Amino acid sequence: MRGASAVVGVGESAYYRWGEAPDTEFQLACAAIRRAVADAGLELTDVDGLVSYMEPRNDPLRLSAALDTGPLAFTAQTFGGGGNGAGAAVTLADAAVTAGYAGCVVVFRALAQGQFGRFGVGRSETRVGGNAAFTAPYGLKTPAHVTALQTAAYMHDHGVGQDSLAEVALASYAHAQRNPRAVAYGEPLTREMYHASRWIAEPFHLYDCCRETDGAAAIVVVAADRARDCPHVPVSIVAGAHGLERRGGVAAFCDPDFPTAHYGHVAEQLWTRAGVSPRDVGVAQFYENFTGPVLMAIAEMGFCEPDGLDEFVGGGNLQWPHGGLPLNTSGGNLAEAYVHGMGNVVEAVRQNRGESTCQVEDVELSLLVSGPGYAPGSAVLFGRM
Amino acid sequence: MREIVEAGGLPLLTPVNEAWFTSGEVAIQCCASCTTLQHPPEEVCHACGGTEFEIRVLRPRGTVVSHTVVHHAPSPALAAFVPYTIVLVSLDDAPHIRVVGNIDGPVSIGMRVAAHWEEFPTDEGPTIRLIQWHRMA
């Protein structure tokens, strides 16, 4: 339902390098949700829906009791593991509010890698089951390896250079230098540092890889008519999309469209639903677990042809304030914090509110793209009411 | 490359994947009803919904479609073995089927490769035979 719901509150915990948070993941979740609800000018007793993604830790039963929310009317979580679910979780909240199943839905993600294990460290296992049986025995143990294979093939097929990966990292680190919340605040990155940094898994250098973070972030979604009473500029959920291409779920790199970021079908739905095109977007947040899938998704979302990526992202086009498509303006998952892309959601909303530390002028439409590289993908277009 | 497999973890066998992991051949699941070849093996034929399968043995050769050199050890068990190379190989007889493995020496996309198998006896069941790749002579 185009623009029938709106984001009225955003909040996050402080962000920490993994293992350095003084709080547990559950405490971080509670802190972020409290802040988002306060930011919306609402009471916790107004909250009647809780939505998250990736995993069932910090479940709504425990949260609603600990936060003393109102009676719950809606809870949901998306399928498919990873940051790819952030936009989908927002669309679930939009659907619930628009359909009248709930009046005030909080979308959140909390992630304390110090408490629950680092994503950059594969499990030490003697036997491996499921789809991982086809990959893990070869030392293919982490998302870095999965996306490295996707990215290497894509770069080869479409003539994408290493400097285009660097452009994504350089944009995130440049933007983080203006954002005091960012874990990489005060740690600028140069192109020379990027190329000189150690390899993690080729073609990924250290700076192609996201942070490992302890933190939480949340937003509050209500119906558009109710949003006008809230203290901040309400941000309309213009359109959301979620899903994957036909047979995109075939495992172990045997999906027919490999190498893909799984965003072709998401893009088709999003632009059709919103009735606009990539040219109308003023600023974009693309979840970056690694830089490579971001490039693939930029092309699949329709911002350029795959073979034109070097030209499109080159020359600082992704950097605020002069680039044509300022990308990840808070520093994103590379340089602000890795809360599975929930920070990208908050930043996309802030751009429409006019509150970013790298504020793009006069933003009509602010795009969120969640989790390229892993299916199903999701995306949300935020806009002015 | 045995050390990578021993550190990475051996596959858990199921009735569906056992032929692939123990036969020492490119043993691809073939639907008994519609003869569609599919990989990884599944409990249901993606083409016709059939649940009875045979095994079709394909030639052990293919072309590299992607590769990565892993420099940062993803687990303590693998720390002694970095850097190592992971390849993704498209099979000559079924190009839509891509197979992961390790390879020694320089590698590039488009390189022609052939398969061999590494054997890992297990206590509780059949010997596991894992496909690996080398540059085609």
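Q: Where does Thr68(B) sit, in which strand?
A: Thr68(B) lies in strand E5 of chain B, strands being DSSP runs of E with at least two residues and helices runs of H or I with at least four, numbered from the N terminus. This is a predicted model, in which local features need pLDDT of at least 70 and side-chain atom pairs count only at pLDDT 80 or more, while totals for chains, interfaces and linings use all residues. Residues are numbered from 1 along each chain as its sequence is written, chains are lettered from A and ligands numbered from 1 in the order in which they are written, and side-chain values use heavy atoms, with hydrogens and water left out.

Q: Is Thr68(B) buried or exposed?
A: Thr68(B) counts as buried because its relative accessibility is 0%; buried means under 20% relative accessible area, exposed over 50% and partly exposed in between, with a 1.4 Å probe and protein chains only.

Q: And what does Thr68(B) touch?
A: Leaving out residues up to four places away in sequence, Thr68(B) touches Ala148(A), Leu149(A), Ala201(A) and Glu202(A), together with Tyr84(B), Thr85(B) and Ile86(B), where contact means heavy atoms within 4.5 Å. A polar atom of the Thr68(B) side chain lies 2.5 Å from the backbone oxygen of Glu202(A).

Q: OK, the interface then: how many residues does each chain put in?
A: Chain B gives 44 residues and chain A gives 39. The area buried between them is about 3,300 Å², with 59% from carbon and sulfur atoms; this is the accessible area (1.4 Å probe) that two parts lose on being put together, summed over both.

Q: Which residues form the salt bridge?
A: Arg127(A) pairs with Glu124(B), their closest N and O atoms being 2.8 Å apart, and the rule, a side-chain nitrogen of Lys or Arg within 4 Å of a carboxyl oxygen of Asp or Glu, finds one salt bridge across this interface.

Q: Switching to H2 of chain A, which residues are buried there?
A: In helix H2(A), residues 60-67, the buried ones are Pro60(A), Leu63(A), Ser64(A) and Leu67(A). They are on the same side of H2(A) because they cover an arc of only 95° around the axis, taken from the directions from the helix axis to the C-beta atoms.

Q: What covers those buried residues?
A: The cover includes helix H1 (25-39) and strands E3 (49-52), E4 (74-77) and E5 (104-112) of chain A, whereas the face turned away from the buried side carries the exposed residues Leu61(A) and Ala65(A).

Technical notes: Polar contact = N/O pair within 3.5 Å; in protein donor to acceptor, adjacent residues only side chain to side chain.
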